[in-house]
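I opened a new file today and kept notes as I clicked through it. Here is what I looked up, in the order I looked it up.

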Amino acid sequence: MNKVNSARRFMIDLPKNVFSGFVVSLIALPLGLGLALASEAPPIAGIIAAIAGGIVVSIMGGSHLTITGPGNGLVIVILSAIVGLGNGDLYQGYLFTLAAIIISGVLLFLFGLFRLGGLSEFFPSSALQGMLAAIGVGILAKQFHVMLGFTQVKGNTLRQLALIPESIKNIFLNPSFEFLLASAIGVVSLVFLFLYSRIRNPLFHLIPAPMWVVIGSITVIYYFDIIQNNSQVLNPALMITLPDNLIGSFPSPNFGKMFTSEFMGHTMSITLVAVIESLLSIKAVDKLDPLKRRSNINKDLRALGIATGVSGFFGGLNVVTVIARSSVNVNNGANNRSANFFHAAFLLVFILLFSKQIQLIPLPALAAILVYTGYRLAAPENLLKIYKVGKEQAIIFITTLVATLITSLTTGILLGIIATLIVHVFLNKSSFLFTQNWLKPNVLMYLEEGSGNYYVSVKSFCSFLNFFKLKAKLDEIPPTEHAIVDFSLCEFVDHTVMEGMNDYSQGFSRNGGVFEIIGLDIHEAGTEHPFAIRKSLPEKSFLNFNISLTNRQKLLNELSSVLNWNYLPDPVSSYGDLEHFIYFRRKLINYSYNSLVSENKNSLLFDLSYSEGAFIAKEDLKSTFLQIKAPYQMPIFILDKENLMSSLYGLSGLQDIDFKKHPDFSKRFFLSGEDKKAIRSFFTNDLIFFFESHPLYYIESKGDSILIRGKERLASIQEIKHLLAFAGEFIKLLDTKKS
Amino acid sequence: MLKFKKILVGFAFSPNLKANVFEALRMASFFNGELMFFHVGAKTPEKVSRFMELVKSCPVQPKKISVRWEIGNPVSVLLKASEAFKAELIILGALKRENVVKFYMGSIARKITRRSNCSVLLLINPSVERHPCQHIVVNGFESPQTKTTIEASFIVANALGAKKISLVEEISRSKVAVSVDDDRSLRRAMLKKEKLSRREQTRVSDFVKNLPLKLTEKINWTTQSIFGKRGYSIGHYAKVVRADLLVMNAEENLGFFDRLFTHDIEHILAELPTDVLIVNNKKSE
């Protein structure tokens, strides 16, 4: 019975997952080619990794919505392996590296087998951020030259970074048409990528930005090929080359250097980065899952290991879980692992059918995608965010970043860990706390008999060194329950732990549980940031900002006094029951601010910061919402503008409810919900007339409360007034309906 | 049945001396027992007079008090004296936490605890004024000694007037044998845990129900299962609930390696969460 049911469910969901897999393959194709090229491997290697990853992990993995394939983080380590092991001969280096990839697959599998997934908790969060930033700088430094059309710039990251001005100068020194076209394609692509998220057209967003870049650049090449009859407008070195016979020409990995220390070093760093990138991504994707499932990390690692082995055997790169593609997958309505499989299947189809067109993709376009990726990894705002948590975190971040750039990735992260340790010892003015208690158990968790709450007490100190112990206990609490974490016996809590606590708190609130942290009141924090280090030694806080209100905030304040509502400009990270609205199902809510509460607390107007997607597919949004308490229990429904997107929603199971008697309403509005009968009887003639005669708003009811949004951006004071008036009339209408 | 009639108090001239002596005198009068003060060190007239003055200044005076002075190795002399005296309880003042060197060498109090044949009470915060004992936490390990330990805790609770006893069953994580990876394994682990803790609770409750009614009727007792490292969690729990006394089973055969790889009672001894009574009834067997 159960099996039959789940098979039926799977068939019903299949179209959604096929569709989502298709969209993901559109972004995976350019990224796969680009990441392989950036690692100096043949471009096809990236596609092989995506195909192997998609097929193997979708069958054997333990996560639900992740997409697997070649990863950004690995570019730098694989590049250094290919260059290092090849001694100048890149193809030989590639063959040696394939052997390293296969072995790293075996290691990954063993990691999963011995349940070492939790080991990734040993890396302090700021050091990890620093390492990722270094990877970003590495990708950016190398690809910037390619984007401008120079493929021959050699040297380490710092040298390539220093050569960027020279490359820019070179364009203007000998401006041949070929050169200018190549740089133009690159630069225009980059500008487009930066602007993409600003354009809020849902149809336009159906195709991911990287695919637009590919399509655009291929069009340019076609234009020259067909109209101008110039089939080699760009230097062949600036074009992608795929092997002529795709199936028969797999390279054979060379295990000849297997027992040299150099080979082992490269294998270790490839494995390390693969594990870190995968685990970070799996964790991030779990937060986006609308069905709130928990991934089996160790099972996923085993599958990734096997996929990596398979991929390496066929000449592909490492397979890791990737965040940007996964988030695109989530946003396009995937709900099980089959989407990952279809993404691989579509890639296979592309590479077999369109290999000629793929060879028309100019490298500067792909390089632009990579520069954008690198920039997003190393963006200065990441540093700023960390600085806000605390000065000491910025020091750790910069230490790791610089150390990774100067030495190697493994040395860099090691130095980052040491820097973190030193900072912690310095902050506590003693290492005694750490040396004494590191290996001792320090977490107590029990189910309070009587109240039914889970109580967790943490003793001595809690930092990245022993966070895994606390995590192990917290993972045993079902996130639908009430958990209380008590830090009052704990003398020191670090940033990594505070960030982890925030993750848990989000996870619990998503699942309807409660996650409370107590006992931190006696701890002093360096900054106001919620993730700042906390220690029980008192220390004066040195930063005191006086926030001045913006013009809009002043107007909001005035409006609040006119309406006699309560105005609070400060950002608040508790956002009540918002997550239960369908609108936020695939979105991540960051915080709300500028909130106006009516006197009877029935209406709440607020600006909300939320985001869609992650990493390079991330779009940060800020919009104004009005949430009102329903006067009585209403059916659950969504009322939105009818457009092409909504007909696409029809594909994914949401159906438009139309009224024969009201063709105008049915044409203009997209109405959907589970309980069609109740919705039909709820939408009476006068209500439909009301909606027809008023401006369009996005309206969603979750039964006991209603969410109204104007445009998908912050509303002006005028718009807010309209919105409030609309809501007032709406409620009045509902009140008369009730009586 | 366990008795605490013959009490041996080891004392040294430490800053805590007065508080220790007062606590011991109070304890002996609660149990209506015979008290012997024992000092390992030279007997000098001024020390004697200082000590006797201290004893006399206490408002509580049990019937039988004796004081003995002897020279030698503190641990072996005290242990020998307790054998000779047929002591049923040794009271010792202890420091809350030992530093690294002392821990591995074993401080006097802890050495005695490890080698003694009778029960030992370690006081970490003795006070001159009486600070009533209200909440006792007692272990409910699955061990042949546990029955006696639980009984002892009820005897002590009655003698000291404590109102509340929490019986804590520590269930080792390896018994759950389900590691939590995803939602399904979490559900399985939850079911297993529930079953285990229900079983443990019945086991411990049965001990209490079999005790004579006059021991248990005045006391509000509860059980609490904890999944965690054995011997560690109970100490942490005692600290969290601010227990006044922790009652534990004595462990047999504690060697150097047991201390190196701390487990069971060693966690408690390494960092005393509160006053600890270690119940040992080797003699009565």
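**Confidence first**

Helices and strands here are DSSP runs, numbered from the N terminus: a helix is H or I over at least four residues, and a strand is E over at least two.

Before going on, I wrote down the ground rules. Residues count from 1 along each chain as its sequence is written, while chains are lettered from A and ligands numbered from 1 in the order in which they are written. Since this is a predicted model, local features need pLDDT of at least 70 and side-chain atom pairs count only at pLDDT 80 or more, but totals for chains, interfaces and linings use all residues.

Chain B averages a pLDDT of 78, and 86% of the residues score at least 70. For the complex, the predictor gives an ipTM of 0.80 and a pTM of 0.78.

**Chain B overall**

I found twelve helices and ten strands in chain B. Of its 285 residues, 42% are buried. Buried means 20 or more other C-beta atoms within 10 Å of the residue's own, exposed means 12 or fewer, and partly exposed is in between, with C-beta atoms placed from the backbone. Taking contacts in chain B with a separation of 6 or more, 82% are between residues 24 or more positions apart.

I picked Leu211(B), which is in the loop between α8 and α9 (213-216) of chain B. Is Leu211(B) buried or partly exposed? It has 15 C-beta neighbours inside 10 Å, so Leu211(B) counts as partly exposed. Leaving aside neighbours within four places in sequence, Leu211(B) touches Glu151(B), Phe154(B) and Thr216(B). I also checked Arg26(B): it is 185 residues from Leu211(B) along the chain, and their C-alpha atoms are separated by 26 Å.

**Where the chains meet**

I listed 20 residues from chain B and 19 residues from chain A in the contact. On the chain B side, α8 (183-209), β8 (220-227) and α10 (233-240) each supply at least two residues. Which element of chain B gives the most? It is α10(B), with five residues. By class, the chain B side has eight nonpolar, seven polar and five charged residues. In this scheme Ala, Val, Leu, Ile, Met, Phe, Trp, Tyr, Cys and Pro are nonpolar, Asp, Glu, Lys and Arg are charged, and the others, Gly among them, are polar.

**Over to chain A**

Ser20(A) sits in helix α1 (residues 2-38) of chain A. I counted it as buried because it has 26 C-beta neighbours inside 10 Å. Beyond four places in sequence, its contacts include Asn329(A), Asn332(A) and Gly333(A). Ser338(A) is 318 residues from Ser20(A) in sequence, yet 9.7 Å away in space, C-alpha to C-alpha.

Next came strand β3 (443-447) of chain A. Five of the five residues of β3(A) are buried, so the strand is largely enclosed by the rest of the structure. Val443(A), Met445(A) and Leu447(A) are on one side, Leu444(A) and Tyr446(A) on the other. β3(A) runs antiparallel to β4(A), with five bridges joining them; strands pair if DSSP finds at least two bridges between them. Tyr446(A) has Tyr455(A) as its bridge partner in β4(A). The two strands form a hairpin with six residues between them, and Gly450(A) in the turn has a positive phi of about 110°.

My last stop was helix α19 (residues 467-475) of chain A, whose buried residues are Phe467(A), Leu470(A), Lys473(A) and Leu474(A). These residues cover an arc of only 130° around the axis, which puts them on the same side of α19(A). The arc is that of the directions from the helix axis to the C-beta atoms. The buried residues of α19(A) pack against β3, β4 (454-462) and α20 (495-510) of chain A.

Conventions:
Contact = placed C-beta atoms within 7 Å. pLDDT = per-residue confidence, 0-100.
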